[in-house]
Amino acid sequence: MRAIVIALPCVAIGLLVALRNRVVVTVAPTEHGDVVEIARHTRRWRMVGLLIGAVAALALLEAGQRLDALGRVSALAPAALGAGVLIGTIAGELTARPAVGIRRTATVETRTVKAVLPKALAGVLAVASLLLVAALGIGAAWGSADDMGRQGRSFTQTCTVLDPDLGPVLMGSGRGPWPGSFYTVPLAAALLVLAALVAVALRVIVSRPRPGVDSHDLDTMLRRWSVGNVLTAATVTVLGTLGPVALFIASALSGGTCPLGVGESVVVWAAWVIAPLATGGALSMLAWLALTPSIRVDDLPRPLSGDAAPVGAPVR
């Protein structure tokens, strides 16, 4: 409940920021036709991928309730959502081709991912990925078997307590679910697949044939937007996975019989902070995938009554 209360304002702030900062570039009807068509084509594929990814994520959440009550299937929902967006992006970029005319021109250049990489968004993804790797590493290192013998699904503590009547008494407790190896292995496999999809998506964005030289700058901007969407989809997946993992760590470390050590105390407070921020951030950035930058074609003004028509007859 504490995580939800903190996450909701993060979602609202993210939506407001996305709406306020949404970029729309307006071009004339006779300008940059190829780039406009490529932008519409790739956006349609990306939206289809987002829809399929959302359906797959909901299906995994539902299947997690019916097939695997322990949560391993449900934990893959963020990865399914991100994979849907990335596959849609790859399909859109691979099938987007500028019109080929009799005369063709080309710019001699070396296109690289670095040249169109949004550095701030890449930094956010890098920090989120490091936190997720650290959380999964702590989960794998501190995990132990639960009462059913499932390795890496519980956090166990033992300590000696001084009883007034009995003297020193050895106490122990186990709490879960704990994001140990029981959950880390399928999550790591899913995240590796996602990393491969990110690499492929960035490659096809850079390799897509460029339209005419007149649209060079606009096409470069479109590629930068596409790379930004890929990084956003990956960040949504990483934060959407990090939030629940941090929440399970914080919950399992809190309320035990034995006192926590210094390292465990630092981890539990960090986890309580990271859990709502990561969850809220993932939901906020999900809105950014729907409110992506776009190119708008400026319509010609409608002729008024009495204006001269192109063929010479007045408009009535």
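User: Why is Asp146 called buried?

Analyst: In this predicted model, Asp146 has a relative accessible area of 11%. Buried means under 20%, so Asp146 is buried.

User: What makes Arg153 count as buried?

Analyst: The relative accessibility of Arg153 is 14%. This value is under 20%, so Arg153 is buried.

User: Why is the pair Asp146 and Arg153 called a salt bridge?

Analyst: The closest N and O atoms of Asp146 and Arg153 are 3.5 Å apart. The cut-off is 4 Å between a side-chain nitrogen of Lys or Arg and a carboxyl oxygen of Asp or Glu, so this pair is a salt bridge. Elsewhere, salt bridges with shared partners join Glu93, Arg208, Asp219 and Arg223 into one network.

User: How many salt bridges are there by this rule?

Analyst: The count comes to six.

User: What makes Arg44 and Glu37 a salt bridge?

Analyst: Their side chains meet at 3.6 Å, N to O. That distance is within 4 Å, so the pair qualifies as a salt bridge.

User: Why is Arg44 called partly exposed, and why Glu37?

Analyst: Partly exposed is the range between buried, under 20%, and exposed, over 50%. Arg44 has 47% relative accessibility, so Arg44 is partly exposed. Glu37 has a relative accessible area of 40%, so Glu37 is partly exposed.

User: How do you know that Arg208 and Glu93 form a salt bridge?

Analyst: The closest N and O atoms of Arg208 and Glu93 are 2.8 Å apart. Because this is within 4 Å, the pair is a salt bridge. The pair links distant parts of the chain: Arg208 lies in the loop between α5 (181-207) and α6 (216-253), and Glu93 lies in helix α3 (residues 77-95), 115 residues apart. Both Arg208 and Glu93 are buried.

User: What is Leu253 in contact with, leaving aside its neighbours within four places in sequence?

Analyst: Contact needs heavy atoms within 4.5 Å. The partners of Leu253 are Trp142, Phe155, Arg175, Trp178, Leu260, Glu264, Val267 and Val268.

Key:
Residues numbered from 1 in each chain as written. Predicted model: local features only at pLDDT ≥ 70, side-chain atom pairs only at ≥ 80, totals over all residues. Heavy atoms only, no water. Buried < 20%, exposed > 50% of the residue type's maximum accessible area, 1.4 Å probe, protein only. Helix = DSSP H or I, 4+ residues; strand = E, 2+ residues; numbered from the N terminus.
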